[in-house]
Amino acid sequence: MSKTKRRIGSRRNENRVLKGVIYVQASFNNTIVTVTDVRGQVLCWSSAGACGFKGTRRGTPFAAQTAAENVIRTLMDRGMERVEVMISGPGRGRDTALRTIRRSGILLSFVRDVTPMPHNGCRPPKKRRV
């Protein structure tokens, strides 16, 4: 049992991920873009708030576009080529984020809307009286 110090791979190839999943969560107040590998481990993320937008401007389509561009720039450095896109939420930034991902040059395997829809589950809160 000899203990030899050998390098398994170069550092540059170690963080190369060829396939991943982009999750876009678009709420009315913010848009969060997360990138994971196929096993679900988060590689990078960005949000409209992290890009410097504050208040109501975080929910705008331009803020979502900026967040998506921020993530895509990191993906290009990692060498990612193919992605799947999961979009969730009713926010205004969902279409803009998808459009930004589509024109970035990364190949899209598929785009899926994973917004949770209730099948008449919980009782809604009582109506607001003003």
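What follows is a short chat about helix packing, the core and a loop glycine.

Guide: This is a predicted model, where local features need pLDDT of at least 70, side-chain atom pairs count only at pLDDT 80 or more, and totals for chains, interfaces and linings use all residues. Residues are numbered from 1 along each chain as its sequence is written, and side-chain values use heavy atoms, with hydrogens and water left out.

Visitor: At what angle do helix 2 and helix 3 pack?
Guide: About 35 degrees, with the axes of helix 2 (residues 61–78) and helix 3 (residues 94–102) 8 Å apart. Axes here are lines fitted to C-alpha atoms over the stretch in contact, and angles run from 0 to 180 degrees between N-to-C directions. Helices are DSSP runs (H or I, at least four residues), and strands are E runs of at least two, numbered from the N terminus.

Visitor: Which residues make the contact?
Guide: From helix 2, P61, A64, Q65, A68, E69 and I72; from helix 3, T96, A97, T100 and I101. Contact means heavy atoms within 4.5 Å.

Visitor: New topic: which residues have the most contacts inside the largest nonpolar core?
Guide: I22, V24, V35, L75 and V85, in a core of 19 residues. Such a core is a set of buried (under 20% relative accessible area, 1.4 Å probe, protein chains only) Ala, Val, Leu, Ile, Met, Phe, Trp, Tyr and Cys residues joined through side-chain atoms within 4.5 Å. Helix 2 gives the largest share, five residues.

Visitor: And what does L75 touch?
Guide: I22, V35, C44, M80 and I106, not counting residues up to four places away in sequence.

Visitor: Why does G79 count as buried?
Guide: Because its relative accessibility is 13%. G79 sits in the loop between helix 2 and strand 4.

Methods: Buried means under 20% relative accessible area, exposed over 50%, partly exposed in between (1.4 Å probe, protein chains only).
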